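Here are my notes for someone opening this structure for the first time. Have a look below, then read on.

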Amino acid sequence: MQAFRLNGSRILEIDLHGDAVRAATGAMIAYTGDVTFRNAGMGGGGGLRAALKQKATGESVSLMTCSGQGTVWFAKDAMEVLVVELAGDTLKVESEQILALSDKLKTDVAFAGLRGASSGQGLFTTTVTGFGTVALLSAGGPPIALEVSPQYPLVVDPDSFIASQGQLHQTFVTEVSWRNLIGESSGEAFSLRFDGSGVVYIQPEER
Amino acid sequence: MGIFEQVNGKVVAVPVSPGREILARRGAMLAYTGNVTFSPVHMGPGGAGGMVGRMLQGEQVAMMVAQGQGTVHYGYRGLYITLIDVDGSGPLSVEADRLVAHEAALQSTVVFLGSQGGIRGAVRGAVSGQGLFTTQLHGHGSAAVLSHGGTIAIPVNGMRPVAVDPQAYVAHVGQVTVDVSASVGWRDAVGRGSGEAIQLKLTGNGTVYVQASEQKL
């Protein structure tokens, strides 16, 4: 299994020893050695069913497989990189915030409730399952990890949500009232509520 | 050895004294102390050839020289600044846009890439959108170079050619040759490529600087 190293806070460095890693298309900034890049399709899993799902949901993270011998550096739009380890659990993530992930991890697309409609990210979210490492992107500055416990549910802005990990129940909160109709809203009409126990990662910038 | 001092990721400070002038991009001065004057440099040290190059380049960046006695702070549009020392073992090649300041002791020339690699050099310029000209700094001294999101330095040596995404390439220093390598397959033609079809291949001895983003300045 590869080590995901950070070179500074915005560049991810991965050594390949004949194995492979999947990364967001076009995110390679440099490499040494003998590495090939191949389109790995979308992050919605494999097969025809996934392809159909992809078409239907519009949740499209386009990934490439990097394989061979050498070192590869990845970065995207000067966003900060966050490395998350998965040990058999599931990570729910905004597809466009994925930088790279271990090849063994499974990706799928899951229904995310009405949340997607407001955040413009589509109604579906990408799930990553298995054993391995995921590198996520945070726009506008370093990401923040917020802990959720049964006593303390968490409410976040859908536009700054990056990913969530753990036993979490996600609900969509609307606070639309007559104020919104007359243009007197606080700008926070839609939010995401997490109950249970786990970790939610957010970024300082709103999409 | 460099006389530039990094104040933070985006601002550098440099002392100026008679005989140690600093050339900088016009408008990049943030603050200064002491008795320093700034005057425009019309024709760079490249001489007539340089001027022709500049005219053809079309993206030539107007420079100014800081003279006198004092300390000047430079920064530009909130972009990250990387300090690079040139120690005489090889020139620093950098796109004119990215050069924010350098010691006047460094000789700057505009190099037509075509002379470096024939038609391939020209292709490289067209592909990476860098124009066909690049600025080279020779001699001993240091330079401040702009990047989006900061840079990492990757060593290049004989056994270890480095491939770089043209959009993420910032600069290189040393005895390094740059070549464009295209591995365009049928997948790219049908829009199923990996997005990494065109790369710059660097060989030789030196260092290449790569930024954390695929955005040009």
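1. First, a term: a residue is buried if 20 or more other C-beta atoms lie within 10 Å of its own, exposed if 12 or fewer, and partly exposed in between, with C-beta atoms placed from the backbone. By that count, 41% of the 207 residues of chain A are buried.

2. A word on the source: this is a predicted model, where local features need pLDDT of at least 70 and side-chain atom pairs count only at pLDDT 80 or more, while totals for chains, interfaces and linings use all residues. Residues are numbered from 1 along each chain as its sequence is written, with chains lettered from A and ligands numbered from 1 in the order in which they are written.

3. Chain A has three helices and 12 strands (DSSP runs numbered from the N terminus: H or I of at least four residues for helices, E of at least two for strands). Take its contacts with a separation of 6 or more: 80% of them join residues 24 or more positions apart (contact means C-beta atoms, placed from the backbone, within 7 Å).

4. Over in chain B, β14 (residues 169-182) pairs antiparallel with β7 (residues 92-94) over three bridges; pairing takes at least two DSSP bridges between two strands. Here B:Ser93 is bridged to B:His172. β14(B) also runs antiparallel to β15 (residues 198-211) of chain B, over 13 bridges, with B:Gln175 partnered by B:Asn205.

5. Where do the chains meet? 23 residues of chain B are in contact with 19 of chain A. On the chain B side, β13(B) gives the most, with three residues.

Definitions and conventions. Two residues are in contact if their C-beta atoms, placed from the backbone, lie within 7 Å.
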